[in-house]
Amino acid sequence: MSRGRPTFLGLLCSVFAFVVQLWAVRRTSATRASILMGTEPVWALAVGVAVGGEAVGAPGLVGAALIVAAGAETARR
């Protein structure tokens with residue numbers, strides 16, 4: 001592996017992700033942005049399962065369900 005690849009991947013995975021995230025947050029309401037940001041652990045779980053083959057136990061599923069339910073309740077108000 002070349003020395004430049006880790007730098008490139010670090011920049012792509014962090015800087016690009018934050019730039020896109022900030023761009024998207026500026027174009028929506030504060031309520032929607034906070035709901036989306038609050039569900040970040042659920043998205044991390046989904047990516048871990050889909051890409052990394054992670055196993056999810058009952059506590060993880062209950063936690064994800066509680067986060068999604070809280071976001072849905074917030075959006076309903």
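This report describes a pocket, a surface patch and several individual residues in a predicted model.

## The largest pocket

The largest pocket in the predicted model has a volume of about 240 Å³. Its lining is made by Cys 13, Ser 14, Ala 17, Phe 18, Gln 21, Ala 24, Val 25, Leu 36, Met 37, Glu 40 and Trp 43. Helix H1 provides the largest share, with seven residues.

By residue class, the lining of the largest pocket comprises eight nonpolar residues, two polar residues and one charged residue.

Six side chains form a nonpolar surface patch of about 600 Å²: Phe 8, Leu 9, Leu 12, Phe 16, Val 20 and Trp 23. One of these residues, Val 20, belongs to helix H1.

## Gln 21 in helix H1

Gln 21 is also a residue of helix H1, and Gln 21 is among the residues that line the largest pocket. Its relative accessibility is 22%, so Gln 21 counts as partly exposed; the buried class requires a value under 20%.

Gln 21 and Gly 60 lie 39 residues apart in sequence, and their C-alpha atoms are 25 Å apart in space.

Helix H3 contains Leu 45. With a relative accessibility of 29%, Leu 45 is therefore classed as partly exposed. Along the chain, Leu 45 and Val 56 are 11 residues apart, and a distance of 8.2 Å separates their C-alpha atoms.

Helix H4 covers residues 58-76 and includes Val 68. The relative accessible area of Val 68 is 44%, so this residue is partly exposed; a residue is classed as exposed when the value is over 50%. Val 68 and Val 19 are 49 residues apart along the chain, with 25 Å between their C-alpha atoms.

## Summary

In the predicted model, helix H1 gives the largest share of the lining of the largest pocket. Helix H1 also holds Val 20, which is part of the nonpolar surface patch. Helix H3 contains Leu 45, and helix H4 contains Val 68.

Note on methods: Residues numbered from 1 in each chain as written. Predicted model: local features only at pLDDT ≥ 70, side-chain atom pairs only at ≥ 80, totals over all residues. Heavy atoms only, no water. 1 Å grid on protein atoms, 1.4 Å probe; cavity = no way out; pocket = protein on both sides within 12 Å on 5 of 7 lines; lining within 4 Å. Points joined across faces, edges and corners; volume = space filled by probe spheres on them. Helix = DSSP H or I, 4+ residues; strand = E, 2+ residues; numbered from the N terminus. Nonpolar A, V, L, I, M, F, W, Y, C, P; charged D, E, K, R; others polar. Patch = residues over 30% accessible without salt bridge, like charges linked within 9 Å, V, L, I, M, F, W, Y side chains within 5 Å. Areas by Shrake-Rupley, 256 points an atom, 1.4 Å probe, with all protein chains shown as cover. Salt bridge = Lys/Arg side-chain N within 4 Å of Asp/Glu carboxyl O. Buried < 20%, exposed > 50% of the residue type's maximum accessible area, 1.4 Å probe, protein only.
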